[in-house]
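I opened a new notebook page for this structure. My entries below follow the order in which I looked things up.

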Amino acid sequence: MPLVTFGELTLDLQRKPIKNLHISVLPPDGRVRVSAPVSLSDTAIRMAVVRRLVWIRQQQAQFQAQPRQSEREMCSGETHYLWGRGYRLDVVLVDKPAEVKLQGGWIRMKVPPHYDTAQREAVLYQWYRGILKQRLPKLMAKWQQEIKVEASYVGIKRMKTKWGSCNPQTARIWINLELVKKPPECLEFIVVHELVHLHERKHNERFIGLMSIHLPNWREHRAKLNKMPLAYNHWSY
């Protein structure tokens, strides 16, 4: 993806067979990505970026202000999060199948002695996935009834640039597994956000109006999500 400099701003510019230009500010460092129609001139792209410059700077400032976790080594004593609360990790080496349990203020992880960092991380995220899979169906059922929409598919996966995604044409929704680490109201906000997209694809006034009708304090939930620590990742996009 080519890097283009507009004044002091460097952005990733990608031309696609699309109708409208899209500007995204991506975690963790606020890199700017522009997806533009193939036929759109450089001048038109520049003008669009200039018009959104204040918004871009605001988004970048939010990312810079967010606390960051250090690289996870999956060893005892590390802090890992569940529903917005930090828990100490306790790693126990056993000659048995791996398992994870929440006990008091600890996340107890039992793993075979030969498991390396990546294997331990996989065990932890499998546990996370199970917890989110338990909570998500009830939340989806509640809000699909409230918003009067129905998703054709709801999946969970780790995403690096989005908390959720929705394809209005197919009604397929994806929820970021990382949300299991955030307060429950953050997950609810993203569920409502993605379901509202089944009524309105764009983030326009109609979309904002629908969000305010169904979840009046959605801005508070969004602000809380934006202030939570970002997970350590080798980001690439």
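Against which elements do the buried residues of helix 4 pack? I looked up the partners and found helix 3 (117-147), strand 10 (164-167), strand 11 (172-176), helix 5 (205-214) and helix 6 (218-227).

**Ground rules.** I am reading a predicted model, where local features need pLDDT of at least 70, side-chain atom pairs count only at pLDDT 80 or more, and totals for chains, interfaces and linings use all residues. Residues are numbered from 1 along each chain as its sequence is written, and side-chain values use heavy atoms, with hydrogens and water left out.

**The whole chain.** I noted six helices and eleven strands. Helices (H or I, at least four residues) and strands (E, at least two) are DSSP runs, numbered from the N terminus. The chain has 237 residues, and 41% of them count as buried. Buried means under 20% relative accessible area, exposed over 50%, and partly exposed in between, with a 1.4 Å probe and protein chains only. I also looked up contacts (heavy atoms within 4.5 Å). Among those between residues at least 6 apart in sequence, 48% join residues at least 24 apart.

**Helix 4, its length.** Helix 4 covers residues 184-196, which is 13 residues. The expected span is 1.5 Å times one less than the number of residues.

**Helix 4, its burial.** Eleven of its 13 residues are buried, so helix 4 is largely enclosed by the rest of the structure. I listed the buried ones: Cys 186, Leu 187, Glu 188, Phe 189, Ile 190, Val 191, Val 192, His 193, Glu 194, Leu 195 and Val 196.

**Helix 4 with helix 6.** Two packed helices are described by the angle between their axes and the distance between the axes. Axes are lines fitted to C-alpha atoms, for helices over the stretch in contact, and angles run from 0 to 180 degrees between N-to-C directions. The axes of helix 4 and helix 6 come within 9 Å and cross at roughly 120°. That makes helix 4 oblique to helix 6. Angles under 35 degrees count as roughly parallel, over 145 as roughly antiparallel, 65 to 115 as roughly perpendicular, and the rest as oblique. The crossing is left-handed. Left-handed means that the near helix is turned anticlockwise from the far one by less than a right angle, and right-handed means clockwise. On helix 4, I found Glu 185, Cys 186, Phe 189 and Ile 190 in the contact. Helix 6 supplies Trp 218, His 221, Arg 222, Lys 224 and Leu 225. These contact residues divide into five nonpolar, one polar and three charged. Ala, Val, Leu, Ile, Met, Phe, Trp, Tyr, Cys and Pro count as nonpolar, Asp, Glu, Lys and Arg as charged, and the others, Gly among them, as polar.

**Helix 4 with helix 5.** Here the axes come within 10 Å and cross at roughly 135°. Helix 4 is therefore oblique to helix 5. I recorded a right-handed crossing. Phe 189, Val 192, His 193 and Val 196 of helix 4 meet Phe 207, Leu 210, Met 211 and His 214 of helix 5. The contact of helix 4 with helix 5 has six nonpolar, two polar and no charged residues.

**Trp 143.** I found Trp 143 in helix 3. Is Trp 143 buried or exposed? It counts as buried, at 5% relative accessibility. Leaving out residues up to four places away in sequence, Trp 143 touches Lys 148, Glu 188, Val 191, Val 192, Leu 195, His 214 and Leu 215. Trp 143 and Glu 188 are 45 residues apart in sequence, with their C-alpha atoms 8.9 Å apart.

**Ser 165.** This residue is in strand 10. Ser 165 counts as buried at 18% relative accessibility. Its contacts, not counting residues up to four places away in sequence, are Met 159, Arg 172, Ile 173, Trp 174 and Glu 194.

**Two positive phi values.** Most residues other than glycine have a negative phi. Met 74 has a positive phi near 55°. Met 74 lies in the loop between helix 2 (53-65) and strand 5 (79-82), and counts as buried at 1% relative accessibility. Ala 171 has a positive phi of about 60°. Ala 171 lies in the loop between strand 10 and strand 11, and counts as buried at 14%.
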